[in-house]
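Try each task before reading its solution.

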Amino acid sequence: MYNKMIGIYKITNPKGKVYVGQSINIEKRWKTYKRAQPNELRDQRKLLHSLNKYGSENHIFEVLEECLESVINEKEIFWIEHFDSIKMA
């Protein structure tokens, strides 16, 4: 059994727009995004649109920080502000 990576990640599309998110299983989250269908991920429509339009292979996926689950919300806010990211605006 392996440890799940908990933390904050960033997805950058080919136009340079940035999405910052959090997960208690980052690897699984990226796989979910790559396989998502148009009717899924309703809270992340802009991200899903970008993934469908440009292809997941043309997005850069990066782990920004591993952290404890107890501080994940504040870490996500920090990174959203750092990159001036408003959920793939």
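**Exercise 1.** Find which residues Ser56 touches, not counting residues up to four places away in sequence.

*Solution.* Start by placing the residue: Ser56 sits in the loop between H2 and E3, where helices (H or I, at least four residues) and strands (E, at least two) are DSSP runs numbered from the N terminus. Next, search for contacts, meaning heavy atoms within 4.5 Å. With residues up to four places away in sequence left out, Ser56 touches Trp30, Lys34 and Leu51. Finally, check its accessibility: Ser56 counts as buried because its relative accessibility is 16%. Buried means under 20% relative accessible area, exposed over 50%, and partly exposed in between (1.4 Å probe, protein chains only).

A note on the ground rules: this is a predicted model, in which local features need pLDDT of at least 70 and side-chain atom pairs count only at pLDDT 80 or more, while totals for chains, interfaces and linings use all residues. Residues are numbered from 1 along each chain as its sequence is written, and side-chain values use heavy atoms, with hydrogens and water left out.

**Exercise 2.** Work out which residues form the largest nonpolar core, and which element supplies the largest share of this core.

*Solution.* Collect buried Ala, Val, Leu, Ile, Met, Phe, Trp, Tyr and Cys residues joined through side-chain atoms within 4.5 Å. The largest such set has eight members: Tyr9, Ile11, Tyr19, Ile26, Trp30, Tyr33, Leu47 and Leu51. Now sort them by element: E1, helix H1 (26–35) and helix H2 (45–54) each give at least two residues. H1 provides the largest share, three residues. A second, separate core has seven residues, including Val18, Val20, Cys67 and Ile80.

**Exercise 3.** How many salt bridges does a search of the whole structure find?

*Solution.* Look for a side-chain nitrogen of Lys or Arg within 4 Å of a carboxyl oxygen of Asp or Glu. The search gives two.

- Glu62 pairs with Lys10, their closest N and O atoms being 3.4 Å apart. This pair links distant parts of the chain, with Glu62 in strand E3 (residues 60–66) and Lys10 in strand E1, 52 residues apart. Glu62 is partly exposed at 31% relative accessibility, whereas Lys10 is buried at 11%.
- Glu65 and Lys75 meet at 3.0 Å, N to O. Here Glu65 belongs to strand E3 and Lys75 to helix H3 (residues 72–82), ten residues apart. Lys75 counts as partly exposed, at 27% relative accessibility.

**Exercise 4.** Is Asp84 buried or exposed?

*Solution.* Locate Asp84 in the segment after H3. Asp84 counts as exposed because its relative accessibility is 66%. Then inspect its backbone: phi of Asp84 is near 50 degrees, a positive value in a residue other than glycine. Most residues other than glycine have a negative phi.
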